[in-house]
Amino acid sequence: MEILRTERDGARRLATRQEQAALVCILACLAAILIASVLLAERPAGVAVVSIEFDDTLADQLSARSLLAEHRMHATFFVNSGRLDRPGYLTVAELRALASDGHEIGGHTVDHVRLPGLPAREQRRQICDDRRALLALGFAVSNFAYPWGAHDSVSAELVRSCGYDSARGSGGLALLACRFCARAESIPPHDPAATRTPGSLSRSHRLPRIQALVRRAQQDAGWMQLTFHHVCDGCEEYSISREDLSTLLGWLAEERDAGRVVVLTVRQVIHGARPPPRRLAVD
């Protein structure tokens with residue numbers, strides 16, 4: 001089939017065979033991309049690894065303890081050591097009770113500060129002293145979460161030098177459906193010093209949206225970190241009600257029992273069967 005091409009002066013001529021071949025190649029490439037995207041969207045789901053995480057040492061998180069036990073799941077609690085035993089925050093005794101249940105305790109800075117922009121000395125204090133304090137209390141602390149997910153090259157290097165094996169960022173994964181965006185963190189993570197997440201979950205993230213995150217992780221057989229803060233009935237923007245958390249855990253239990261989800265702590269994902277966390281590497 002001959003193809004007509006319009007010149008600048010309005011006259012038309014037959015396209016050369018080379019031009020026709022180039023056009024056919026472009027159309028074939030576009031068709032291949034379209035077919036590939038359809039196949040990727042419709043391929044069978046794999047097994048997603050899900051970590052349930054709670055940040056900021058908040059006292060109302062203790063209400064999740066019985067729900068997690070009911071569904072035979074363990075979570076990771078990222079703790080600010082400077083907040084322990086203060087009003088509105090978890091006590092050392094409560095944290096030990098969580099750890100005795102098998103939940104992981106992680107670091108989250110001493111005072112919940114935004115690290116980028118702080119002098120390196122203060123960043124070191126916030127990251128390293130937090131881990132040192134939690135280790136002194138008897139917690140096996142090996143993973144870290146940046147407050148607000150904020151970090152820079154200094155804080156990422158300090159996380160490693162202070163003895164942490166991973167640090168959780170915020171973002172890097174598509175929160176909404178996006179065919180060409182990363183849907184889950186890889187295992188092992190692409191960058192252990194800044195593991196990717198869809199960000200902290202708020203009241204606007206109802207069960208269907210959270211389920212969608214897990215289902216997209218299933219497509220890549222990847223890792224999805226679900227990060228919560230308050231457990232309460234609308235007490236704060238970044239909160240989930242106890243009822244909604246119970247429903248979510250029930251659904252995850254069903255997916256787990258069907259072989260489509262594995263619920264692991266961050267330590268289990270990062271360390272597997274490794275030896276206990278190494279000692280603090282800084283003076």
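This is a predicted model: local features need pLDDT of at least 70, side-chain atom pairs count only at pLDDT 80 or more; totals for chains, interfaces and linings use all residues.
Trainee: How many salt bridges does a search of the whole structure find?

Mentor: Side chains of opposite charge can pair when their charged atoms come close. A salt bridge here is a side-chain nitrogen of Lys or Arg within 4 Å of a carboxyl oxygen of Asp or Glu. The search finds 14 salt bridges. One of them joins Arg168 to Asp55, with the closest N and O atoms 2.4 Å apart. That pair links distant parts of the chain, since Arg168 is in strand E7 (residues 166-172) and Asp55 is in strand E3 (residues 48-55), 113 residues apart. Helices (H or I, at least four residues) and strands (E, at least two) are DSSP runs, numbered from the N terminus. Glu53 joins Asp55 and Arg168 in a network of salt bridges.

Trainee: Are Arg168 and Asp55 buried or exposed?

Mentor: Buried means under 20% relative accessible area, exposed over 50%, and partly exposed in between (1.4 Å probe, protein chains only). Arg168 counts as buried because its relative accessibility is 4%, and Asp55 is buried as well, at 2%.

Trainee: What is the setting of the salt bridge between Arg160 and Glu157?

Mentor: The closest N and O atoms of Arg160 and Glu157 are 3.4 Å apart. Both residues lie in helix H5 (residues 153-161), 3 residues apart, about one turn of the helix. Arg160 is partly exposed at 41%, and Glu157 is partly exposed at 43%. Another salt bridge is formed by the side chains of Arg256 and Asp257, at 3.3 Å from N to O. In that pair Arg256 is buried at 19%, whereas Asp257 is exposed at 56%.

Trainee: What volume does the largest pocket have, and which residues are closest to its centre?

Mentor: Rolling a probe the size of a water molecule over the atoms shows where empty space is left. On a 1 Å grid over the protein atoms alone, a pocket is an open set of points where a 1.4 Å probe fits, with protein on both sides within 12 Å along at least five of seven lines; lining residues have an atom within 4 Å of a point. Grid points are joined across faces, edges and corners, and a volume is the space filled by probe spheres set on the points. The largest pocket has a volume of about 300 Å³. Of its 21 lining residues, Asp56, His112, Trp148, Ser200 and His229 are the closest to the centre. The largest share of the lining, 3 residues, comes from E7. By class, the lining holds 5 nonpolar, 11 polar and 5 charged residues. Ala, Val, Leu, Ile, Met, Phe, Trp, Tyr, Cys and Pro count as nonpolar, Asp, Glu, Lys and Arg as charged, and the others, Gly among them, as polar.

Trainee: What span does helix H4 reach, and what is expected?

Mentor: The expected span of a helix is 1.5 Å times one less than its number of residues. Helix H4 (residues 120-136) has 17 residues and reaches 23 Å from first to last C-alpha, close to the expected 24 Å. Its buried residues include Gln123, Ile127 and Leu134. Strands E4 (76-79), E5 (104-107) and E6 (143-145), together with H5, are among the elements that cover the buried residues of H4. Contact means heavy atoms within 4.5 Å. Not counting residues up to four places away in sequence, Ser155 touches Leu115, Gln123, Ile127 and Tyr146.

Trainee: Which residue has a positive phi although it is not a glycine, and where is a cis peptide bond found?

Mentor: Most residues other than glycine have a negative phi, and most peptide bonds are trans. Trp148 has a positive phi of about 60 degrees and lies in the loop between E6 and H5. Ala221 likewise has a positive phi, about 50 degrees, in the loop between helix H6 (207-220) and strand E9 (223-228). The peptide bond from Ile187 to Pro188 is cis, with omega near 0 degrees.

Terms used:
Residues are numbered from 1 along each chain as its sequence is written. Side-chain values use heavy atoms; hydrogens and water are left out.
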